[in-house]
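Colleague: Can you walk me through this one? I have the sequence and the model open.

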Amino acid sequence: MTTTNGPKTADELLDAVGPAFSKLRRTALLEVEHPVSTKDLSRTLVLNIVLEATQDPDREITVGAVAEHLVVDPSVASRMVSDNIKAGYLVRGASQQDGRRSVLHLTPAGRDLMARFRRHQRSAFEYITADWTSHDRLEFARLMLQYVDSLAALRDRGPAADAAE
């Protein structure tokens, strides 16, 4: 689907990307199937980090790691984690790598919330792109995943590699 009043030049299109990301954040609670509350939406920021870590058995997530991933002060991350613990979505456990550290684990309720959130995200994507061609919908999804992978690679590369170039 092409908009008639959208950016016309490559520069205008690229300049419009940042504001578009801001609009995405503001419309995250789009009322579609399986709505997620505003409070639970903010909780999913932390839960998603912990969930992603469970895909690597050697990776443990601490409050400090949450702060690093969200680029927030450790005290902010601590409050966010505490809120998830109080809500029953996370528990603290002893690290298997270093018993002095506490690591975070999803509870069954946390896993249920994330499954509901993922269904909500998929429903919202399908609703928003309902008038797109199947090819456009899948191509956008592929490019979005490529963008996220590139972002992760950039994070892994770190600022030192950028400075050396």
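Modeller: One term to begin with: a contact means heavy atoms within 4.5 Å. The model is predicted. Residues 24 or more positions apart make up 54% of the protein's contacts with a separation of 6 or more.

Colleague: What is the order of the elements from the N terminus on?

Modeller: It runs α-α-α-α-β-β-α-α, with six helices and two strands in the protein.

Colleague: How much of the protein is buried?

Modeller: Of the 165 residues, 25% are buried. The protein exposes about 11500 Å², and carbon and sulfur atoms supply 57% of that.

Colleague: Which residues touch the most other members of the largest nonpolar core?

Modeller: Leu-47, Ile-61, Val-66, Val-81, Leu-90 and Leu-104 do, in a core of 22 residues. Elements giving two or more residues to this core include helix 3 (63–70) and strand 2 (102–106). Helix 2 gives the largest share, seven residues.

Colleague: What does Leu-104 contact, leaving aside neighbours within four places in sequence?

Modeller: Among its contacts are Val-50, Ile-61, Val-66, Val-81 and Leu-90.

Colleague: Changing topic, at what angle do helix 2 and helix 4 cross?

Modeller: Their axes cross at roughly 110° and come within 10 Å. Angles of 65 to 115 degrees count as roughly perpendicular, so helix 2 is roughly perpendicular to helix 4.

Colleague: Is that crossing left-handed or right-handed? And which residues make the contact?

Modeller: The crossing of helix 2 and helix 4 is left-handed. Helix 2 contributes Lys-39, Ser-42, Arg-43, Leu-45, Val-46 and Leu-47 to the contact, and helix 4 contributes Met-80, Val-81, Asp-83 and Asn-84.

Methods: Residues numbered from 1 in each chain as written. Predicted model: local features only at pLDDT ≥ 70, side-chain atom pairs only at ≥ 80, totals over all residues. Heavy atoms only, no water. Helix = DSSP H or I, 4+ residues; strand = E, 2+ residues; numbered from the N terminus. Buried < 20%, exposed > 50% of the residue type's maximum accessible area, 1.4 Å probe, protein only. Areas by Shrake-Rupley, 256 points an atom, 1.4 Å probe, with all protein chains shown as cover. Core = buried A, V, L, I, M, F, W, Y, C linked by side-chain atoms within 4.5 Å. Axes fitted to C-alpha atoms, helices over the stretch in contact; angles between N-to-C directions. Parallel < 35°, antiparallel > 145°, perpendicular 65-115°, else oblique. Left-handed = near helix turned anticlockwise from the far one by under 90°.
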